[in-house]
Amino acid sequence: MARNKFDVDEELESPFSFIQLKRLMVYLKPYKKKILFTVFIMLIASGANLIGPYLISRAIDEEIPGKDIGGLMVLAGVYLIAIIITGICMKYKIRMMSQIGQSVIVQIRKDLFTHLQKLSFTFYDSRPHGKILVRVVNYVNSLSDLLSNGLINLITDLFSLLVILGFMFAIDVKLTLMAMIGFPILAAVILLIKNAQRKAWQMLSNKQSNMNAYIHESINGIKVTQAFTREEENKRIFSEVSDSYRSSWMRAVKIQFLLWPSIENISVLTTSLIYVVGISLIGDGVTVGALVAFVGYIGMFWAPIANIGNFYNAIINATAYLERIFEMIDEKPTVKDLPIASELPLIKGKVEFKDVTFGYEEGEKILKNINLSVNSGETIALVGATGSGKTTIVSLLSRFYDVSSGRIEIDGVDIQSATIASLRKQMGVMLQDPFIFSGTIMDNIRYGRLDATDEEVIEAAKAVQAHPFISGLSEGYKTEVNERGTRLSTGQRQLISFARALLADPKILILDEATSSIDTETELALQKGLETLLAGRTSFIIAHRLSTIQNANRILVIDKGRIIEEGSHKELIGQKSYYWKLHQSQHQSLDVG
Amino acid sequence: MMQSIRWVWGYIRNFRIRLFSGLFLALVVSVLNMLNPYFAGKIVDKVIYGQENELLWIFLGSMIGVTVIKTIVRYNYQIMFERVSQSVIFNIREKLYDTLNKLDFRFFDQTKTGDIMARMTGDMEAVRHFTAWTIYMIFENITILLFAIGFMFYIHPPLALAMLAVTPIIGFFAMRLSFTVKPTFSAIRGQFARLNSVVQENISGNRVVKAFAKEGYEIEKFSKENEAFKEKNLDSSRVWEKYLPILDSLAGVLTVVMIVVGGYMVINQSLTMGELVTFNSLIWALNNPMRMAGWLLNDVQRFVASAEKVEELLNTEPEIKNETKSYNVKHFKGVVEFDQVSFSYGDEQVLNDINFKVRQGQTVGIVGPTGAGKSTLVNLLSRFYDASEGEVRLDGLNVRDWDIHKLRNSMATVMQDIFLFSDTIEGNIAYGNPNASFQAVQAAAKMAEADDFISKLPEGYDTIIGERGVGLSGGQRQRIALARAILKNPSILILDDTTSALDMETELRIQRTLKSFLNEKTCFIIAHRISSVKDADLILVMENGTIIERGNHKELLAKKGNYYKVFKNQVGNFDGVHDFEEVNYLNGAQ
């Protein structure tokens, strides 16, 4: 599988399309009414706003030359009312804008996060976690402006453009048509800039993602860095990563900033044209006041166009992020519920592997033709060298990966036909790498079964011998720990993780190196209790210390992805093979000793 | 607020020439901005009303010329500001990264990854926005405002004065906005960090989430923070909703004042129509800055909220400092002494009165129950933590007196919790020696018994592994980490539970190879298996932060104390055999 590291850009080949925007629009759909209402409000506001120049031109044309102070006051009064209306509209606009924008963002982020939960180990294993994080948090945030200000401004700007055009047409048709000459020129400029800008922003989002991945990994690996005094080297790398982010930023803005000057120059050219033509037409159907008003409108006419240009800019930039977000939403989980998948009923715990073959990557065979039948309540131990495939076997049982060929059945049901959730809920897995969430120790154990009472949590901790050390902490079960497992040794984290698996009260229990970092004394105490813990459960135990193993109903010796020996302790001894050799050599050494 | 601005100025000042050039150009643009309305006024006055048509071309030519120059200058100073801001945040980021590298384990034990990420991404964005945009917007608006006022006073002081009467009210509301909105931005930043943490942990812990089918719970947990983030944002927008329309309306009132007072003055003939038109075309220059005031203050407060967080992180002082007295040493001998060393974590005593001495080339085994303080003990040697009492000495000198980098460089630690980087296997092994040759990397891997499995991977040493080494088994990760430590060729090798996930056979082979490698090197081995430590020159048995037994394997067995008990447990009696290979090895070596 192609893995990605921090300094590798993620390729994404998709031509600029409005598909991303269309998908974004789907999120806006529920707010159609609110958006329309806001647009309506803004329409009123633009109307009120546009009265301004008209009132002034009227004052200059009529009331002032006519020394009509009363009339002037009336105009002023109307203007004040317009201002108040504008203010009220603005208040609503801000409110609606933030509500819609924020709600959409919450929804997109939630969809993204929910989808992430469905993705398989493969997804997480094949890219730096920082790159996933940046999408869910930072990229989605960067849409906020586009959605809150952008869209509604766009609509209202379009409307004010129409209204202004209306006013302009009302004053003079010829002049108005002339003012619109700028449009096609502007369109040409935009088309010219568009592609370069889009590429620049894609590059930027890549560099941003790389930088975040590097920061993220640096934080998580800080202890190793300090232990190996790699700080200087990392600083150098970070400088590079950070610098390429900076230069891609500069490149992006250099292109993006071209839009404004274009608009402004086109605007001044058309305005000049209007002056020339307008003045030549004075007396010829154009009054002085009308021309003054018209020129006033022309100024206002270009403002929304500039805004629309900005919105366009923002869209181009946002699509660079949208692509990444939707790409992740579109990522297909490799392990997923089949359409016909049904809930796995309460299981008894009979497990069967039928001719199971598996490889993480195409063509690779980690497991070869595994056949295995386990009765409910049996304890199965897996022994074998590191990397022989022990963990892989139990991972398949939880459907962390799906088999390449063959099938695995629980109680006679192919696990691929069951829903993943219903399967995993009935299994307790203690992973090799104990992960601790930030929160209290109590919360961490309770993760196994969220509705467990404090007593049940403590009970589970006692069963796995974690109680003594937890109660030894100054705040006991309420001690705050975090991801990196503050103040807990690996052994202690394993115990917490074990308690968590046990609390789930699963029918099938998988212990993968559950006790590798636990001292012998604790482990022995654990062993004594284990028999009761395992009663009534089908369990798979992977361990290098054989202490538990000999009590297992059956021992599987795994070598290079195959089961090479299988049987109880006694049977295997009788087979006089690999297991027996171990045993035999021990006999001798004891005799010698 | 001033504090944050002063802080960011410390970074901006390096680019002050560029910044001031940019501001100067912005000033030029502001002046040029004045000109077009002036020309427009002249066109109305002289051409439209005055019929001096020949002037039209001059005015229009000037307008176009001014605009062309203006846009070019404007483009350039915008780029200048972007460059300044990018350089500023580049430097802040570097400094942040540097700070993070200097901070000690205690800090990372207590701070969530997501929080730090929030500082380095979202908060930096706010700083960027401020330096790239807000600073010059403020400057531009202030200059436009001042010019507009100046110009208006120049044209007609009484009318200008009348219009200015409104500004104190605008100022009042702007300040109110500023004060009210600040806490909402701090709340947003705080919530942003929480959201970041929840997502970050979910990603890092994805295996556990799936193993326990807790996706639903995770989504719920996430949704809570997600919704809260929205609420905090809405809280902030409720403040704008209240003040921004007021500010906007007050700015509009300026126009009303102009038309009423101005119109009255024209009627009184104390003002010409042309002057009124000029005022009218200048009104935006008065209006806009007033309108912008609210938004800009908003931006400033947003910046302050983030800057405070960034600054706080930058100002975090590591408790472990390099107060080096700079003793020059090329190579440490590896003589280690713990002299009445105690260590507490908060109010918890982790180590208590630890005393022992290790000669060069000796191997120390440390055994004891989980949480006895074994890892902490070796962490004191590398100064990942500092002893609360007593002295840890290396080559006769307190470890605090050595240069911390030299000290750590002389040691290689394989930590219990193996972290590998998302890099190639080769890159991971060469982590401590980035310039190591491939042969050296491979030799280290061979010694760590890792070459075999690495070579079997489709891409061998070029295989990229994920963070935390996912995709590799525990034993494989441990061996890569061991190779990483071996390649460093340290004076002191610290193996913290390094072989726990290895099968006995592999462990034995590693032990044999290590023997020749260790030679003159001092070595600490923390383990639970007696087999891992039994050859050590000194074995420390720890419990509850104290050394309860010490001696070599034989002596300790003879004591029939705790060590003996552990040994017995591991060897077991014949019928209750625990670990055949182990027993075999242990006994064979006796």
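User: Is the crossing of α10(A) and α11(A) left-handed or right-handed?
Analyst: This is a predicted model. In it, helix α10 (residues 259-281) of chain A packs with helix α11 (residues 288-330) of chain A, their axes 10 Å apart. The crossing of α10(A) and α11(A) is right-handed.

User: Which term describes the direction of α10(A) relative to α11(A)?
Analyst: The two helices pack at an angle of about 160 degrees. Angles over 145 degrees count as roughly antiparallel. Therefore α10(A) and α11(A) are roughly antiparallel.

User: How many charged residues does the contact of α10(A) with α11(A) have?
Analyst: On the α10(A) side the contact includes Leu259(A), Ile263(A) and Ser267(A), and on the α11(A) side Phe294(A), Trp302(A) and Asn313(A) are among the residues involved. By class there are 10 nonpolar and five polar residues, and the number of charged residues is none.

User: Which helix of chain A gives the largest share of the side that touches chain B?
Analyst: The contact between the chains takes 146 residues from chain A and 149 residues from chain B. The chain A side divides into 64 nonpolar, 51 polar and 31 charged residues. The largest share of that side, 25 residues, comes from residues 69-118, helix α3 of chain A.

User: What radius of gyration does chain A have?
Analyst: The C-alpha trace of chain A spans about 125 × 55 × 50 Å along its principal axes. For a compact globule of 593 residues the value would be near 25 Å, but for chain A it is 35 Å.

Technical notes:
Residues are numbered from 1 along each chain as its sequence is written. Chains are lettered from A and ligands numbered from 1 in the order in which they are written. This is a predicted model: local features need pLDDT of at least 70, side-chain atom pairs count only at pLDDT 80 or more; totals for chains, interfaces and linings use all residues. Two residues are in contact if their C-beta atoms, placed from the backbone, lie within 7 Å. Helices (H or I, at least four residues) and strands (E, at least two) are DSSP runs, numbered from the N terminus. Ala, Val, Leu, Ile, Met, Phe, Trp, Tyr, Cys and Pro count as nonpolar, Asp, Glu, Lys and Arg as charged, and the others, Gly among them, as polar. Axes are lines fitted to C-alpha atoms, for helices over the stretch in contact, and angles run from 0 to 180 degrees between N-to-C directions. Angles under 35 degrees count as roughly parallel, over 145 as roughly antiparallel, 65 to 115 as roughly perpendicular and the rest as oblique. A crossing is left-handed if the near helix is turned anticlockwise from the far one by less than a right angle, and right-handed if clockwise. The radius of gyration is taken over C-alpha atoms; the globule rule is 2.2 Å times the number of residues to the power 0.38.
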